[in-house]
Amino acid sequence: MYIVIIGGGQVGFYLAKELVESNHEVLVIEENPSRSAEIAETLGEIVMCGDGCEAAIQEQVGTARADLLLAVTGEDQDNLVACQVAKHVFNVPRTVARINNPKNELIFRKLGIDFTVSATSVILSQIEQELPDHPLIPLLTLRSGFEIVEVKIPNGARVAGKPLGELALPERSIIWGVIDAEGTPQAPDAARVLAGGDAVVVVAPVESEEALRSALTELA
Amino acid sequence: MKVIIMGCGRVGSQLATALDEEGNDVTILDVNAHQFSRFLPDSFGGRKITGNGIDQDVLVRAGIEDADAFVALTAGDNRNVMASQIAKHIFEVPRVVCRIYDPIREQMYKNLGLRTIAPTNVGTRMVKEELEAE
């Protein structure tokens, strides 16, 4: 694969290193001349010094034949523009953006960026898994506006004692499985009766998070 | 008309002042509060909000949910582009105007449906006309 990386900071550098080691063709665009010289010294001549948001620079590195463009600078707005230029000027089939503000996930997706990665969201979801008062944990955001979430059924929840087949969930939400209190995963059988302590893994539209939370965790 | 202006530089402040004097409901945003005292007259009657316009929470605080217009006038093209797209596609503000200095980027976002202003092209043309004037 030919992969163009925008931003040669820590994230861009280690991504490039790993991808080169897996035998991909990689090119990093880094704005800062001394940083780009540093990368060239370690990884070889796979760096172009310039503004990765500019169509002229993307053209020089042959972005039109790239299979993938990763925009991983520290600024959300620069990553957005770099991906949009790649998509709309060079028809790159897949673009990935690093974002800082988790709320930008939705706007990036709406604007055609194929995938976003937010360190903030990842860390937040790790913290939430440790907290008993966070019954709903987003595990993974999918393309097309869906996410996979885990919902812990509290003791005394309205849904405790009900079979999966009778749950009233938000539209387009599907139960993928149940993990019981002992940690054993089970297939989503319609007859399986929910109990407090179960964790339900659901695929649902991102905007249904609140509705899902109240459907599964409200107390009787 | 309820207008939000992002960026309180020379153009942003002058536009905010003019729209305020005409009786519009004006809110001006800047990451640096010092810009308000530097560029806005004491008579300015609009709201001043310190914050980053690419943050949706800041835009909500500025009243974007029922704004009639949004104008992006910071010094950063990418910042302007991102905020304008949030205003247009997330909050569905009826009129969004975005300044973009880089003419190539300006053309691309115009093609994508943003109302864009390219001061570089306009400025170049005006300087050239002055040079060549009799």
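This is a predicted model: local features need pLDDT of at least 70, side-chain atom pairs count only at pLDDT 80 or more; totals for chains, interfaces and linings use all residues.
R172(A) sits in the loop between β8 and β9 (174–179) of chain A, where helices (H or I, at least four residues) and strands (E, at least two) are DSSP runs, numbered from the N terminus. Its phi is near 65°, a positive value in a residue other than glycine. Residues are numbered from 1 along each chain as its sequence is written, while chains are lettered from A and ligands numbered from 1 in the order in which they are written.

**Another positive phi in chain A**

- Most residues other than glycine have a negative phi.
- N91(A), a residue other than glycine, has a positive phi near 50°.
- Where is N91(A) found? Its place is the loop between α4 and β5 (95–99) of chain A.
- N91(A) is exposed, with 10 other C-beta atoms within 10 Å.

**Chain A as a whole**

- Chain A has seven helices and eleven strands.
- Its radius of gyration is 22 Å, well over the 17 Å that the globule rule gives for 220 residues, so chain A is more spread out than a compact globule. The radius is taken over C-alpha atoms, and the rule is 2.2 Å times the number of residues to the power 0.38.
- Taken along the principal axes, the C-alpha atoms of chain A fill a box of roughly 65 × 30 × 25 Å.
- Of the 220 residues in chain A, 33% are buried.
- Two residues are in contact if their C-beta atoms, placed from the backbone, lie within 7 Å. Among contacts in chain A between residues at least 6 apart in sequence, 56% join residues at least 24 apart.

**The two domains of chain A**

- The domain assignment of chain A gives domain 1 (2–118) and domain 2 (131–217); such bounds come from an automatic or database domain assignment.
- The C-alpha centres of these two domains lie 36 Å apart.
- Five residues of domain 1 of chain A are in contact with four residues of domain 2 of chain A.
- Helix α5 (residues 104–110) of chain A gives the most to the domain 1 side of this meeting, with three residues.
- By class, that side has two nonpolar, no polar and three charged residues. Here Ala, Val, Leu, Ile, Met, Phe, Trp, Tyr, Cys and Pro count as nonpolar, Asp, Glu, Lys and Arg as charged, and the others, Gly among them, as polar.

**Strand pairing in chain A**

- Strands β7 (residues 136–141) and β8 (residues 146–152) of chain A run antiparallel and are joined by five bridges; two strands pair if DSSP finds at least two bridges between them.
- The hairpin of β7(A) and β8(A) has four residues between the strands, and S144(A) takes a positive phi near 65° there.
- β8(A) also pairs with strand β11 (residues 199–205) of chain A, in the antiparallel sense over seven bridges.
- I148(A) in β8(A) is the bridge partner of L140(A), and V203(A) in β11(A) is the bridge partner of I148(A).

**Chain B as a whole**

- Chain B has six helices and six strands, and its elements run β-α-β-α-β-α-β-α-β-α-β-α from the N terminus on.
- The radius of gyration of chain B is 15 Å, close to the 14 Å that the globule rule gives for 134 residues, so chain B is as compact as a globular protein of that length.
- The C-alpha trace of chain B spans about 50 × 35 × 25 Å along its principal axes.
- Buried residues make up 38% of the 134 residues in chain B.

**Where chain B meets chain A**

- 14 residues of chain B are in contact with 15 residues of chain A.
- On the chain B side, α4 and α5 are the elements that give two or more residues, and the largest share, eight residues, comes from α4(B).
- The residues of that side divide into eight nonpolar, four polar and two charged.

**Helix α5 of chain B**

- Which residues of helix α5 (residues 103–111) of chain B are buried? They are R105(B), E106(B), M108(B) and Y109(B).
- Seen down the axis of α5(B), these buried residues fall within an arc of 165°, so they line one face of the helix. The arc is that of the directions from the helix axis to the C-beta atoms.
- Their cover includes α4 (76–90) of chain A, together with α4 (77–90), β5 (95–99) and β6 (115–117) of chain B.
- G113(B), whose phi is positive, near 100°, follows α5(B).

Definitions and conventions
A residue is buried if 20 or more other C-beta atoms lie within 10 Å of its own, exposed if 12 or fewer, and partly exposed in between; C-beta atoms are placed from the backbone.
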